[in-house]
Amino acid sequence: MRTTLALSAAALVAGAAASGACSKKSGGQNGGEVAATQAGGEESMERPAGGTARSGAPVETRPPNVPSQKPAFAGQTRAPHRPSGVELDVQTIAGGLEHPWGLAFLPGGELLVTERAGRMRIVREDGSLSQPVAGIPEVDARDQGGLLDVVLDPAYGDNQRIYWSYSEPREGGNGTAVARARLVTGERPRVEGVQVIWRMTPTLDSTKHFGGRLVFARGGDTLFITTGERSILAGRRQAQELDSALGKVIRVRPDGSIPPDNPLVGRDDALPAIWSWGHRNVQAAALHPETGELWIVDHGPQGGDEVNVVRKGKNYGWPVITYGEEYGGGPIGEGITAKEGMEQPLYYWDPVIAPSGMAFYDGDLFEAWKGSLLVGGLAGEHVARLELEGERVVGEERLLEGKARFRDVRVGPDGAVYLLTDEDDGEILRLVPRGG
Ligand SMILES: [Ca+2]
């Protein structure tokens, strides 16, 4: 299946403004140990109204969730609206995917896509889907869990190796795991020689906040893995504890062994795979095309999604400092947003977009987007385009507002932007300039 819709970003924005009004749900639903419930917020908030912002004024027009919190520096939130004026063709490359989560580009034009329910498929160039790839280990597909990201080995052309993340069912609960194997394509695709290279510990019983993005560092000799803190309070605390892999960015070699220059190597009270800590639930990560550094978007509490450059041994603050509040209201911890020894985000959204998937635009099809950071929004139901000057966000635009919940954003080798929609009948969309 392949259909094309000619749309302008502006027309979509206008449509969204006419049809949507945000009503933040509230009501204390944080029963028991659950710190952040799905109901009433995270990933599932009703989508915001928008599109009335003029160029120069912030793209966000709703009041912040926590008006008393002030940004640490000018431009840390509510960047000015910078419409690119790009007219888009939105092509549906494939459909019929159950909550697709991660996307990779195979040599020769085929795609590799995960479905959260536990299937991986190859998308042929005509848009047809292969049978599920055989040999993928069992996943715990409840709620936010399941089969998550997939990436190719940087030397895939030689070794046909792929890596994927998933929520692994375990005795006493579950946890994020990363496996690798050799992909055999063809009529009956399968993986061979599956090895689990890394497991998030400790095991907890929760169906939320698995993190799960995978990004190879430049040169391909290390792999970054993002995690989450499981949403329950027992896990939230561990985002600051260095003997736990929850709420961390992890850095391992492709076989799971520890790079000797990781920051906590040699300490007997810490996990040597840890690269950075104080994260909440990181489902968006990509390398900056010029600096090669890892950037992430952390899925924050209500009013606290944040963009960070992730550096060795740094503490990103969760849950000690954060913008925003509990889903359903109420301060997080002491309700503070800054503390010595903890990093400030480059940018934050209040209210949130519920970010998942990101890519720096470095292709040639969209000249006006060069150097921009594209971030998928789930509850936000748009793709945020952030204009950057170094590590400052100087402009924001909402693309495809109101069209879908966006789970992943990738730039293809053809320079087009590929999106996954987070739906029961999810799609792979391809954005190209209209008539281009
Ligand atoms: Ca933070």
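## Close-up views of a predicted model

**View 1. Strands β18 and β19 pair in the antiparallel sense over four bridges.** Two strands count as paired if DSSP finds at least two bridges between them. Strands (E, at least two residues) and helices (H or I, at least four) are DSSP runs, numbered from the N terminus. Pro-355 stands opposite Gly-377 in β19. This is a predicted model: local features need pLDDT of at least 70, side-chain atom pairs count only at pLDDT 80 or more, and totals for chains, interfaces and linings use all residues. Residues are numbered from 1 along each chain as its sequence is written.

**View 2. An open sheet has four strands in the order β18-β19-β20-β21, with antiparallel pairing.** β18 (355-360) and β21 (392-399) stand at the edges. Each has a single partner strand, so one side of each is left without a neighbour in the sheet. From one strand to the next, the twist averages 25°. Axes for such angles are lines fitted to C-alpha atoms, for helices over the stretch in contact; angles run from 0 to 180 degrees between N-to-C directions. Strands of a sheet pair through backbone hydrogen bonds, either parallel or antiparallel.

**View 3. Strand β19 is largely enclosed by the rest of the structure, because five of its five residues are buried.** A residue is buried if 20 or more other C-beta atoms lie within 10 Å of its own, exposed if 12 or fewer, and partly exposed in between; C-beta atoms are placed from the backbone. Leu-373, Val-375 and Gly-377 point one way from β19. Leu-374 and Gly-376 point the other way. In a regular strand the side chains alternate between the two faces of the sheet.

**View 4. Four bridges join β19 (residues 373-377) to β20 (residues 383-389), and the two run antiparallel.** Gly-376 stands opposite Val-383 in β20. The hairpin of β19 and β20 has five residues between the strands. In this hairpin, Glu-381 takes a positive phi near 50°.

**View 5. β20 and β21 pair in the antiparallel sense over seven bridges.** Glu-389 has Arg-392 as its bridge partner in β21. Two residues lie between the strands of this hairpin, where Gly-390 takes a positive phi near 60°. Six of the eight residues of β21 are buried, so β21 is largely enclosed by the rest of the structure.

**View 6. A second open sheet: four strands run in the order β6-β7-β8-β9, with antiparallel pairing.** The edge strands are β6 (147-152) and β9 (190-199), and each pairs on one side only. The twist here averages 30° from one strand to the next. Ten bridges join β7 (residues 161-170) to β8 (residues 173-184). Trp-164 has Ala-179 as its bridge partner in β8.

**View 7. Gln-69 lies in the loop between α1 (9-19) and β2 (87-97).** Gln-69 is buried, because 21 other C-beta atoms lie within 10 Å. Leaving aside neighbours within four places in sequence, Gln-69 is in contact with Tyr-323 and Thr-337. Contact means that the C-beta atoms of two residues, placed from the backbone, lie within 7 Å. Gln-69 and Tyr-323 are 254 residues apart in sequence, but 7.1 Å apart in space, C-alpha to C-alpha.

**View 8. The largest nonpolar core has 98 residues.** A nonpolar core is a set of buried Ala, Val, Leu, Ile, Met, Phe, Trp, Tyr and Cys residues joined through C-beta atoms within 7 Å. Ile-250, Met-358, Val-375 and Ile-428 touch the most other members. Leaving aside neighbours within four places in sequence, Ile-428 is in contact with several residues, including Ile-93, Pro-100, Leu-111 and Tyr-418.
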